[in-house]
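Below is a briefing on one protein chain. Please look over the sequence and the model before reading the points.

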Amino acid sequence: MSPVRYSPSVETVKADERETIAGLNAAFDTILERTAEDYGHAVRSVHAKSHGLLEGELEIDANLPAELAQGLFATPGKHKVLMRLSTNAGDILPDVISLPRGMALKVFDVTGERLPGSEGTAQDFVMVNGPVFQAKDADSFLGNLKLLAKTTDRLEGTKKVISATLQGARHVLEAVGGALPAALNALGGAPNSEPLGETYYSVTAFRFGDYIAKFSVAPVAPAMTVLTGKEIHVDGRENAIREEVQKEMRGLNAEWEFRVQLCRDLGAQPVEDPTVEWKESEAPFVRVGTIRAAAQDSWSDAHVQKINEETRFSVWTGIAAHQPLGNINRVRRDTYRHSADFRARTNGCPYHEPAAADA
């Protein structure tokens, strides 16, 4: 089946999206203000805790078919990248509370018409290690966020108990071929997996030049695929994941495939509902490039300052050919900026979109 061509009609904008954005900003403010007060330093409202910070390059494949040679991927070549590995909470929790993993990428020197308000020349990708989002739409996401905001940087002991209970339930379900829902993974039931062995997904849809797509980044280096499915033993270490990534990256030349999943049926692969998985049997992921990060210190002082403190990642930083689609993505535009503005203002560290020469 041929891929679906992009047109503005693939999106359905709700009448109350501005009100939802205001509600999200208010919930994020609760998280941001509480964590800044407790830590004496502003952190991200989501994915606050980093586990690995890397520099590398993305090499775009040559001779891609026309449907894949779109936007950033239209021209073969190499681009410098920054990478941040994280977990999804807005507070910095001990690793015994097991949460889904995240990967943020900033790809430099990308040409093309920019998205509105997008400074610089970078293209950002923000992904998690699961193929679906935990909320059907922005209103549901707001309801979840309000609940999380009430416990941000609070009730750490309770969160540990909940996480242990959910992880026990997950092991029972896996033994009989089941799985925890994504929403329960987000509350602490996720496996305490090795970030370098995980596959990451955009979960939401994006414009892909003339078409519509989701993105994925999958490890391919043998030293990484051997980590797939491996759980980290925390053993009382609050930053066990960070320590394991740092140990692995000192001697590992990391390599991931960057993959694209083209929408081929809007009924089976909807744009507006990110809780629906686009089945790979109907819309396969196809490689369009390779990300490489040579062995390095993934928690050096320089990386912490440059990537963790000074760099902002947003799906709305990029080119119009990769415009974020769907209501979850639409509300991300202002809320990501709102969060970044708070962090910059509170820390006295204005952000700017770096060029490759700065990175």
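Among contacts in the protein chain between residues at least 6 apart in sequence, what percentage join residues at least 24 apart? The figure is 78%, where contact means heavy atoms within 4.5 Å. This is a predicted model, in which local features need pLDDT of at least 70 and side-chain atom pairs count only at pLDDT 80 or more, while totals for chains, interfaces and linings use all residues. Residues are numbered from 1 along each chain as its sequence is written, and side-chain values use heavy atoms, with hydrogens and water left out.

**Overall make-up**
- The protein chain has 8 helices and 9 strands; helices (H or I, at least four residues) and strands (E, at least two) are DSSP runs numbered from the N terminus.
- Of its 359 residues, 56% count as buried, meaning under 20% relative accessible area, with exposed over 50% and partly exposed in between (1.4 Å probe, protein chains only).

**Helix 8**
- Gly 348 follows helix 8 and has a positive phi, near 60°.

**Helix 1 against helix 8**
- The axes of helix 1 (residues 17-39) and helix 8 come within 9 Å and cross at roughly 35°; axes are lines fitted to C-alpha atoms, for helices over the stretch in contact, and angles run from 0 to 180 degrees between N-to-C directions.
- Residues making this contact include Ile 21, Leu 24, Phe 28 and Leu 32 of helix 1 and Val 331, His 338 and Phe 342 of helix 8.

**Leu 105**
- Leu 105 lies in strand 3 (residues 101-107) and counts as buried because its relative accessibility is 1%.
- Leaving aside neighbours within four places in sequence, Leu 105 is in contact with residues including Leu 82, Phe 125, Val 217, Phe 258, Ile 291 and Phe 313.
- Arg 84 is 21 residues from Leu 105 along the chain, with 6.7 Å between their C-alpha atoms.

**Gly 117**
- Gly 117 sits in the loop between strand 3 and strand 4 (123-128) and is exposed, with a relative accessible area of 57%.
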